[in-house]
Amino acid sequence: MPNIVNEIKLDFKDVLLRPKRSTLRSRNDVNLHRHITFRNSKQDYNGIPVMASNMDTVGTFEMAKALSKHGLFTCIHKYYTVDQWRKFAEQNPDVLKNIAASSGMAENDFLRLSEILNAVPELTFICLDVANGYSQHFVDYVRKVRSSFPTHTIIAGNVVTGEMVEELILSGADIIKVGIGPGSVCTTRIKTGVGYPQLSAVIECADAAHGLQGHIIADGGCTCPGDVAKAFGAGADFVMAGGMFAGHDQCDGEVIEKNGKKFKLFYGMSSDTAMEKHAGGVAEYRSSEGKTVEVPYRGDVEVTVLDILGGLRSACTYTGAAKLKELPRRATFIRCTQQVNTIYS
C-alpha cells in the first residue's frame, strides 16, 4: 500500500517573509558574512555563503575570480585538467579559499580529484555531486573520500530528506546539497516524478543537519534575490544558484546572436547537450533529465552579484536581522496565493 504524506509542502513561490520591527538604521548595517567551523574537516570558512553551481557553463574559473572579489563561493565544474588547475592556482592564490573542486563517483572521477588536490594543496573544499544522493554506493564513496582527505571540507549531495542528510554527515560529509528537481534547467520531476518542494526540503534538511553540527546548501529553485533570502530564512547555511548566474561574460560558451539579440547557452548537467559533450551521448539505459536553453546575454556578473547582495541586505533589514546568521530566527513565512502584481510583466 503506497504511503501518502498529506502535510502540505511548500516552494519559494508559495510564501513571503513577514516584515518585523527593526532597530537597523540602514541596509549598510547588515553583515552578510558567515564564520563557520565544519563538523568533520574542522576547517573554518569566512565569506558570504552564496555559491555558483558546478555546472560546466557556470562553475568556471572566470566566475570564481569575479565572485571571490565579493566573498562569494564557486563550485568549479569537474572538466578542467590538472594543468589548468595548477595554472589557475598559481595565478589566483587568493581565490582558492572560495572554491571547491568537483567530482562524480566513478573511479576516474576519484583519480582526477586526487590529482587536483595533490597538485593544489591549498584547495580545501571538495564537492561530491551526483543527481541521486540516496544510493549506498554514494554513501560509501563519501566515506572513501573522507578517509583519503581527512582535513578537506566535503560537500555532498543531492538529497531532500532529513534521514539522508544525517546519513551523509555521519559518513564524513560537512555540507549537504539539498534539492532534487527545482533547478531551472532540470527535468527530473518531469521524467521521473521524483522531487520535493524546495522550501520545505530546506527547512527539514537544515533541522536534521544542525542537530549534528552539520550544514546544508539550498541548491536550486532560486529565480530572484528574494528566493535567495527565503532559502537563508528557511535555515540554509549556503545558497547555490545556476540559472541566476547564467548568461554572463564569466560563463563558458560563445555569445549567440539571433534577430539582433544576444544569448548564451545554458543547460542541465543531465541534458543531452552535457552528455554529448562529456560522455559521447545519452546511454541507452537512461534518459536525459535536463534541458538546454538560450538565456539572454547579461554582460558582467558584477551587476547580478550586487543585485543579490542588495536584496539580501534589504530582506535582513525588513526582518530585523543584523547578521545573515540571524535571518532564520527572525523569519516568519506567510503562505500566499500570489506574490507579485504581474500586470506589466
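Modeller: By class, the lining of the second largest pocket consists of eight nonpolar, four polar and four charged residues (Ala, Val, Leu, Ile, Met, Phe, Trp, Tyr, Cys and Pro count as nonpolar, Asp, Glu, Lys and Arg as charged, and the others, Gly among them, as polar). This is a predicted model, in which local features need pLDDT of at least 70 and side-chain atom pairs count only at pLDDT 80 or more, while totals for chains, interfaces and linings use all residues. Residues are numbered from 1 along each chain as its sequence is written, and side-chain values use heavy atoms, with hydrogens and water left out.

The space in this second largest pocket is about 250 Å³, and of the 16 residues lining it, those closest to its centre are L17, G226, A229, K230 and A315. (A pocket is an open set of points, on a 1 Å grid over the protein atoms alone, where a 1.4 Å probe fits, with protein on both sides within 12 Å along at least five of seven lines; lining residues have an atom within 4 Å of a point. Points are joined across faces, edges and corners, and the volume is the space filled by probe spheres set on them.) At least two lining residues come from each of strand 1 (15-17), helix 8 (225-233) and helix 10 (302-319), where helices (H or I, at least four residues) and strands (E, at least two) are DSSP runs numbered from the N terminus.

Turning to the annotated positions, the unreviewed UniProt entry gives "active site" for C186 and T188, in the numbering used here, with feature names shortened and annotations that may be inferred rather than shown by experiment. C186 sits in the loop between strand 9 (175-178) and helix 6 (188-192), whereas T188 belongs to helix 6. C186 counts as partly exposed because its relative accessibility is 25%, while T188 counts as buried at 12% (buried means under 20% relative accessible area, exposed over 50%, and partly exposed in between, with a 1.4 Å probe and protein chains only).

Leaving aside neighbours within four places in sequence, H215 is in contact with I36, T37, F38, D174, I175, I176, A209 and D237, contact meaning heavy atoms within 4.5 Å.
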